[in-house]
Amino acid sequence: MDLFRLFIYRLLIVSFVVFNFSCSIKPKKSDYAVLVNPLIGTAPSTTVSALQHGEDEKENNAQVVPYVTVPFGMTNWTPQTKATETKCIAPYYYTDTKISGFRGSHWLSGSCVQDYGSMTIMPISGKLKCQADDRASHFSHDTEKASPYNYHVTLADYAIDVNMTATKRCGLFQFTFENSGEAHIIVNPNSDEGEGFVQINADKNEITGYNPVHKIYQGWGEKAGFSGYFVVQLSKKSSKYGVYQNEKILAGNTQISNQENIGAYISFMVEKGETIEAKIGTSFTSIEQARKNLQAETKGVDFAQAKDNLKETWENLLSKVKVEGTNEDEKVKFYTAMYHSYLQPRTFNDVDGTYVSFNGGTQLMNSGNQDYFTDFSMWDIYRSSLPLFNLLTPETNGQMMKSLFAMAEQGGWMPIFPCWNSYTSAMIGDHAIAAIADAYLKNNIEISDKEYQYLLQNAFHSPENHTDYVNGKGRRAIESYLKYGYVPLEDEVLESFHKGEQVSRTLEYAFDDFALSQIAAKRGDTLHANLLKKRALNYKNVFSGTDSCVRGRFANGTFTKDFDKFVRKPYITEGTPYQYTWYVPQDIKGLMNLMGGENGFNANLDRFHAAGQYWHGNEPGHQIPFLYNYSGQPWKTQELVTKIMETEYSNAVGGLSGNDDAGQMSAWYVFAALGFYPVAPSVPQYVISGPHFDKITLSLGNGKKLIINAKGASSGKNYIQKITFNGVEYNKTFLDHFALMEGGVLDFEMSNKPNKSWGITPESKPFSLSNQ
């Protein structure tokens, strides 16, 4: 960026920090939601590894927006500074200077995908201006107040105060006009394809419409088989209205459809200080269902009640983890991370359980008294987001896993990366298996015989119909993986958005095979358990002993000569061979053996960090800081995790390191602050790194409480000296999930100096497949 833009950006950062944090927030004892700051991460990242490793502004932006929403809400509400649904462009960026509306969004928080089925509402005063760029108003961050339950801003060009709150499927707005005169409320579907529909019903004081959803990745540009439907109800009547298309105003007309840049408006004469309220119901099924959702969730509920209800919803969730310590700003980081962790996956069904069947189906399904979820950023969230749900909200996580099985039932195959209620193979791996395994091994779900067959199908077969494969069903490159025990470089994986990446696919499939072996073993299926355990060792097939690093390999067994472990390669996903070498969460001991044992492993890992190769802003390395627990040097894990928490997360608008990816980046922080991390989902263990608050009280999903004491942890004592669990000395560097779920008291004795004799014995080390 040029010097002027850099100066402005830094000025904005400073203004943000001073305005929001010059005085530490002093919440009431039971008030956790006030500690959440949704503006964190809404500007380009200023963290160390993002600046070093990110290749462009898309990788160096957390891509979060200040959502007002319930946890896992159907529609999330945000100010809009970008009027598009284009891939990798979020609806809001802190560095923008104008707001063009307030969006009912389905943007996958923290992602680089696309918004879909969204709509926007915008109040203006004075001359009617309908197009987003024309009507956009300047705003000041001084008037911007963001929380999970309410967003407020003043539209400076129109002197209009906007307040926004939400329910699971609806948005509620107050537009207060500081000046008298003519005012307008504009509503538009955000179709980039010149599609959509909008209609005014003056008698009902409603504006209704829809925005057809289109796929990306598989079937790019094709219709997804459903739309985002909306019903807007206004508190004030008017006989002056119309529709528009581009600059053409069609006064008095009541509907328009399937043209570019369309919308509707209603005009009013307002008094100084007058407030017009809007309630918006949404659905993915129909306009009528959107109206039913609106009726069910907002009838008899005014704005203040809805705001209080939403605050209470977040309060109930956030209070499941009560942290205590001397640093109030660290609490802001923690509870904001929890908020970001709980935004997706997305509720897809209406209030009565209705939803459109998976992958473009026309059948209406019903989820009964449970919710059906979509928008699983599965390559990311299986690592720590879903394990966090398993710990704190296991019932909801169970519904998510059942949603994945429902997709398989309706589409014939387990999904890889299910978004916009469709199959996609957007990213690599087959991590629905890992997610389901984690829930199953922690006794949070059951798996029927039929459901189990869907998991085996993904691991052993490819669709007979090649069109199904092209459309995202089944593992990419499964046939060559089964033939060679790795994906050779000759298989370019052309039927995927991420082409190539053969080494990374091999590593991730090996882990998924391990996770499925865990399921098979628990079910008593010894045949598949043993076969899949052998396949879990396939990571060895792409490891070059000469380089002590993974490397691309041809079908004849030779490694590629084009190699530099410090440089990104097409056979690695979004990183370097060195960064992906450590992705063997199921068998760190086996990886250690390939590197010559503990000493060779530690020396190699030390060199990796000394070279600045660790990139926290992308998910494949999220387990790396915890690996010293496996190799007899757990104090280095404690040191690394502390450093990452301090340098890769902050309370500034650029305070998230790279894409948050549906909350995975944030969920990592939550676990790190608690002091343990799920390195290998499907293994019911957490690898210990040490708490970062003096006292933490966890209200677990089974109703029991776990108290974690770590005096001095919030003021810099981050090295573990000793642990006792329910009064008994505890020397292991991992925690058993089922022991945690029994509750009790976990006491950490902390210091500012490492204890190099704690946790170093063989029996202290976490699970590795090679030790079994």
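**Contacts, strands and a disulfide in a predicted model**

Setting aside neighbours within four places in sequence, Lys765 is in contact with Glu598, Asn629, Tyr630, Gly632, Thr733, Phe734 and Ile760, where contact means heavy atoms within 4.5 Å. The model is predicted, so local features need pLDDT of at least 70 and side-chain atom pairs count only at pLDDT 80 or more, while totals for chains, interfaces and linings use all residues. Residues are numbered from 1 along each chain as its sequence is written, and side-chain values use heavy atoms, with hydrogens and water left out.

Lys765 is found in the segment after strand S33 (744-751). Helices (H or I, at least four residues) and strands (E, at least two) are DSSP runs, numbered from the N terminus. With a relative accessible area of 15%, Lys765 is buried. Here buried means under 20% relative accessible area, exposed over 50%, and partly exposed in between (1.4 Å probe, protein chains only).

The UniProt record, an unreviewed entry, carries the annotation "domain: Glycosyl hydrolase family" for residues 289-751. UniProt positions are given in the numbering used here, feature names are shortened, and annotations may be inferred rather than shown by experiment. Over residues 289-751 the chain is 41% helix and 12% strand, and the end C-alpha atoms lie 58 Å apart.

Two strands pair if DSSP finds at least two bridges between them. S28 is joined to strand S19 (residues 321-324) by 4 bridges, and these two run antiparallel; in this pairing, Val323 stands opposite Ile696 in S28. S28 is also joined to strand S29 (residues 705-709), by 5 bridges and again antiparallel, with Lys695 opposite Asn709 in S29. The hairpin of S28 and S29 has 5 residues between the strands, and Gly703 takes a positive phi near 95° there. In a regular strand the side chains alternate between the two faces of the sheet.

Next come some backbone details. Most residues other than glycine have a negative phi, and most peptide bonds are trans. Trp420, although not a glycine, has a positive phi of about 40°. Its place is in the loop between helix H9 (394-411) and helix H10 (432-441), and Trp420 is buried, with a relative accessible area of 1%. Ser682 is not a glycine either, and has a positive phi of about 100°. Ser682 is found in the loop between strand S26 (676-677) and strand S27 (685-688), and counts as buried at 1% relative accessibility. A cis peptide bond joins Gln344 and Pro345, with omega about 10°. Pro345 is found in the loop between helix H6 (328-341) and strand S20 (346-347).

Finally, the cysteines. A disulfide is a covalent bond between the sulfur atoms of two cysteines; for counting, it is a pair of cysteine sulfur atoms within 2.5 Å. By this rule the count comes to 1 disulfide, which joins Cys88 to Cys112 (S to S 1.6 Å). Cys88 lies in the loop between strand S1 (76-80) and strand S2 (98-99), and Cys112 in the loop between strand S3 (101-105) and strand S4 (119-125), so the pair ties together parts that are 24 residues apart in sequence. The torsion about the S-S bond of Cys88 and Cys112 is about 110°, so this disulfide is right-handed. Both Cys88 and Cys112 are buried. Cys130 also counts as buried, at 4% relative accessibility, and Cys549 is buried with a relative accessible area of 0%.
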